[in-house]
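Me: I would like to go through this structure by question and answer, with the terms spelled out as they come up.

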Amino acid sequence: MDSILSILIFFPALAGLLGFVVDKHSAKVYGVAVAAIELLLSLWLWAKFDLSNGGMQFVEKIDIIPQFGISYNIGVDGISLFIVIMAALITLLGIILLRDDTKNMKNMIVSLLFLEMTMVGVFLALDAIVFYLFWELSLVPMLYIIGAWGGPHRVYAAIKFFLYTFAGSLIMLVGLLATAYLYHEATGNWSFSILDWYTLELTQTQQFWIFLAFFAGFAIKVPMFPFHTWLPWAHGQAPTIGSVILAAVLLKMGTYGFVRFSLPILPDASVTFIPFIMALSIIMVIYTAMVAFAQKDMKQVIAYSSVSHMGVIMLGVFAMNAEGLGGSVFLMLSHGIVSGALFMLVGVIYERRGTKLMSEFGGLAASMPVYATIFGVMLMASVGLPLTIGFVGEFLVLLGFYSVSPLGTILAGSTIIIGAVYMLVLYKRSFFGPMTNEKNRDLEDLDRRELTALIPLVMIVVWLGVYPKPILEPIDNSVKVLLTQMEKKAISTETKEAIVISKKEAK
Amino acid sequence: MLEPVNISLEALNLATLMPMLIAIGGGLIILLIDLAKDNLDKSLYVMLTILILLIDLGATAGLTYGATQKGFFDVLLMDGIAVLSQVLVLVASMLFIPLSLTSKRFHEYSYPEFFALFLFMIAGFQFMVSSDNLILIFVGLETASLSLYTLIALHNRSNSFEAAVKYFTMGALAAGFFSMGSAVLYGISGSLELGQIATAISERMNESGVMILILGGAALLLAAFAFKLSLFPFHTWAPDVYEGASAPLAGYMSVVPKVAAFVVSMRIFEMFIELQVHWVQTMVIVLAVITMTITNLMALVQEDVKRMLAYSSISHAGFVMVAIALATDKANTGVFLYYALFMFTNLGAFTMLWVSRHKDRVHHARFDHPYEKFAGMIKIMPMGAVVMALFMLSLAGVPPFSVFWGKIYLMSATVDAGYLWLAIVMGLNSAIAAYYYLKLIVYMFLREPSKDINQETVYYNVSKPLLTILGFAVIVTVASIFMVNPLIEYINTMIQATNFGI
């Protein structure tokens, strides 16, 4: 079946449309079933995927607007494959975790399924306009999820989220249009295909400006310091499922954009911008980690820590070598799993107590031992303890970035220390110590629904922490293809030197 | 003694006149029917009007067109954009006229004169777009405008009269500017035909003192069309007029007169730009940027959805005005693409207002359509809320809905012409605009409905014809991705069959 990617994209959307008909009491089961089928489809894609091939596979191309060079062009490589699987997994587990008494369950399921379509679409798109289309569409269901099921300031948070990203992506759109125009100038054809753009030679100045335009769109999505202000609001107000998907998948769109667009299309500008990105990322890593430390609200701690780790991913993307880039793609996956799980865990306690303030808790380990254990595992993975999923990516990124800037690596490495500090403090305050609040004494431990959602994540955390090879290898292959392409395309010798495809070459 | 003038019938090329004659003849037939028999239902007139428009569309589409296809004493010019804009005008009119078949009775539709005037107005627009003779453009413009003033006033309400009088006064001023500008150009060239004016200007441009005249003439014409296109600073009448007019008519006004005025602007201002009168280009860009920004900011603070949509349509016009300054084929294609897609979405949005229109203001002392009226609409009428949200997202430029393709095409044309900063300004304006469209979505989806609102009050005015038109609008809005390519192809052939600036 060669059209498996199209099925992956449009199956959830179709299911979402049909979902309007499903009775509201059966909506959750319907959602779980559809999301499970989607996950199985994505696993099937993995099974059929040629792991040794680093290039694009299952490519489909249908002209939509040939007059303007827009075509429905999708494909998958080692970089996008696992992000898509991760998106399908997180959506499924998120839906499982939904409480049965969620109000307007049907609308929630339908929005989530549409959101899933846009997420899968973004990561599979090989045409800039199709990419942009899914990118923008993803805002709409998220706006609704935050706005309809969120906290007291949900409308403000939802609109802030929408407008912030919308403004950034419109500037990105100008960049896309400019690239298409330059491609037209060079070849005489209109094309928005990224694969065509990979062959396009641009001067340094052109690359510089287009990079900035792309940066506006991607950086807000990541979100990079100082464009991160929308995220704490969105997380603070979003319902659990919203935060889970936002942190696990939507933020990855930004970093994925850098990998798919900025690096291969604008290699010289990417190298020129390394110091700039490095500075912002390191500020992001350290500053948001400190902010996380100062939070009183459990969810805000995790929100800021998620931003902090996104900084490490950014560093890896701009390390310009296979270790860093491959590591950061892996870190995108592990960040998705871990931060998704952490937001789920916070949601669990919030449902029981109606508060997320750490001061309200204490001694939870006694009343909820299973919960405390899972929380502990995820926390360790978030900090980057060896043999957990968090360690692999973080280690590779730091290793890769060391060749770019040892000082930057050391500063960024402090994330592990500060991260350990605020995470352990969170854990200590909430789970250990005397049980000061009587309300915590009779809390029920995780029930079957919550365990179903969380146990798979725990297993993945340990499995990929111990044995990451099945995932790292395909990622590595595709990353090398990407880096080779960049090096071939780079016009200045400094850029060529900065791009290191494999260790051997460096020596 | 006067010499007898001999003109062969072929040279007259009466076929070029057919579309307008059909519209005028149709209007007269409606008046005659009214004379013969009283108390006929409006549905008869509506269907007759649609049929007449359909014949008109056939006649227009069947015209032989070409860049130099002239007719009727050489005053009519049937080039690509003339035919194209007539098609747009007729399609928009066919979408508009069934909206009079509401379930509640409204004053204006009980008069057959409404429909006759409507057809005369269309004839006026058709004359206006298919000529390069300033006199005929003027005659067409005034025919159309005078009919339109009356149509607005027929909506029997005090603020409709206010709107009509305001529009009339402003229109008269614009007409004054137009005739003065034409007079100046006539003074330079001794002709009222744009082709000859262009030749004369290019010959005399370097004579001392002529440049001042050219600038003066261009400025007067620019002011005249700024009135008609509601560009800053001549836009202040527009929101009041839109508010006073009935909702469908307001939607119609945000499309058809604009298309006609854009066609004439293309003919006149792109001529100046081709002649390297840089001042005109700069002025048009400045006007476009100020128009879209100021009206966007004004739309942010509106309390009434109809006024918000009025300001937003002005902003859209400013957005499209950029294309006139660029004066490239791609930009001109963009204008028509934009309006062809915008037409369905915007008419759809105004139709949604029309569906919920009451005779009296039940929701607010001052406004017919305050935001509160739509609060919690998702709970009262989910389909209606989803449809309205689709229109709003489309207007905001969220892909893949219709207006996005117009926006991206125009922005692409701007980038191609080297105005990167202008493209970014256009992008940022779309982001500002997203706020007020979102505001309505937030009201519809995220607020609780107020107590006295139920399905009855919101679906007050609904009828099958209205739902049909809404259906068309939704289909085009959602499935536009498949229509863009044939549209661009068609518009492109039409643009190729047009001489700009000569």
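Me: How many helices and strands does the secondary structure of chain B come to?
Reply: This is a predicted model, in which local features need pLDDT of at least 70, side-chain atom pairs count only at pLDDT 80 or more, and totals for chains, interfaces and linings use all residues. Residues are numbered from 1 along each chain as its sequence is written, while chains are lettered from A and ligands numbered from 1 in the order in which they are written. Helices (H or I, at least four residues) and strands (E, at least two) are DSSP runs, numbered from the N terminus. On that basis chain B comes to 22 helices and two strands.

Me: How many of the 18 residues of H5(B) are buried?
Reply: A residue is buried if 20 or more other C-beta atoms, placed from the backbone, lie within 10 Å of its own, exposed if 12 or fewer, and partly exposed in between. Of the 502 residues of chain B, 58% count as buried. H5(B) is largely enclosed by the rest of the structure, because its buried residues number 17 of the 18.

Me: Which element gives the most to the side of chain A that touches chain B?
Reply: Two residues are in contact if their C-beta atoms, placed from the backbone, lie within 7 Å, and 27 residues of chain A are in contact with 28 residues of chain B. Strand S1 (57-65) and helices H5 (128-137), H6 (139-149) and H7 (154-187) of chain A each give two or more residues to this side. The largest contribution, 14 residues, comes from H7(A).
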